[in-house]
Amino acid sequence: MPSASNVAEVEAIKGYLEGSVAAVLTEYRGLKVKELGELRASLRGSSTDYRVLKNTLTSIAVRDKGYEELLPLLDGPTAVAFVHGDPVQAAKDLAEFARTHPALVVKGGVVEGRVLAAADIRQLATLESREVLLAKVAGMLQASLQQTVNLLAAPLRQVATMSAALRDKRQEEAGGAASEPEPEKKEEE
């Protein structure tokens, strides 16, 4: 019979999984308490909670949520980064910290309901942030809209150009005819 505290912990882990956009499993073996504090501080900017969890309780929660692919990763000292903000930024923050602290190892994770391997999480860290990608999409949309406007306006510009040229030509003809000397009439006596 599981204890009430363990049942509550499993439910809390399930809640963390449900309430986050992504969850990244890491191994923190070799990191000092101070370094874990630095890691937590570096993840705050991406709205990420870094929690050291018991593997047994985490495996129950993971199994209940349908992420059986994560079970082999729950070996050794495991901590989970629960991402509530931009998963790309969180992956970048973890990758940056792992670069300066090689003891931190990314094992894998779940992003928007999809289980990813460690290599996928590292690849996620190479993407641009959500805001930058949205700005690029907006720029592409704006450019295509501008091209559409230019395409639709081109015939109107051509008509205006031809009308102006025709007007100028008629003015030249009218002005040219007025400036020509009239033939002299012979006076009859």
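I looked up the largest cavity first, and its volume is about 50 Å³. A cavity here is a set of points on a 1 Å grid over the protein atoms alone, where a 1.4 Å probe fits but cannot get out. Points are joined across faces, edges and corners, and the volume is the space filled by probe spheres set on them. I found one cavity of 30 Å³ or more in the structure.

**Basis.** I am reading a predicted model, where local features need pLDDT of at least 70, side-chain atom pairs count only at pLDDT 80 or more, and totals for chains, interfaces and linings use all residues. Residues are numbered from 1 along each chain as its sequence is written, and side-chain values use heavy atoms, without hydrogens and water.

**Lining.** Which residues line the largest cavity? I listed Ile 13, Leu 17, Ala 23, Leu 25, Thr 58, Val 62, Leu 70, Val 80 and Phe 82. Lining residues have an atom within 4 Å of a point. Eight are nonpolar, one is polar and none is charged. Gly would count as polar in this scheme. Helix 1 (4–18), strand 1 (22–27), helix 3 (55–65) and strand 3 (78–83) each give at least two lining residues. Helices (H or I, at least four residues) and strands (E, at least two) are DSSP runs, numbered from the N terminus.

I then traced an open sheet of five strands, in the order 2-3-1-4-5, with antiparallel pairing. Strand 2 (48–52) and strand 5 (114–117) are the edge strands, each pairing on one side only. Two strands pair if DSSP finds at least two bridges between them. Neighbouring strands are turned by 20° against each other on average, direction ignored. Strand 2 and strand 3 run antiparallel and share five bridges. Phe 82 in strand 3 is the bridge partner of Asp 49.

**Helix 2.** Helix 2 (residues 33–43) packs on the sheet and touches strand 2 and strand 3. Contact means heavy atoms within 4.5 Å. The helix direction makes about 155° with that of strand 2. Axes are lines fitted to C-alpha atoms, for helices over the stretch in contact, and angles run from 0 to 180 degrees between N-to-C directions.

Technical notes
1 Å grid on protein atoms, 1.4 Å probe; cavity = no way out; pocket = protein on both sides within 12 Å on 5 of 7 lines; lining within 4 Å.
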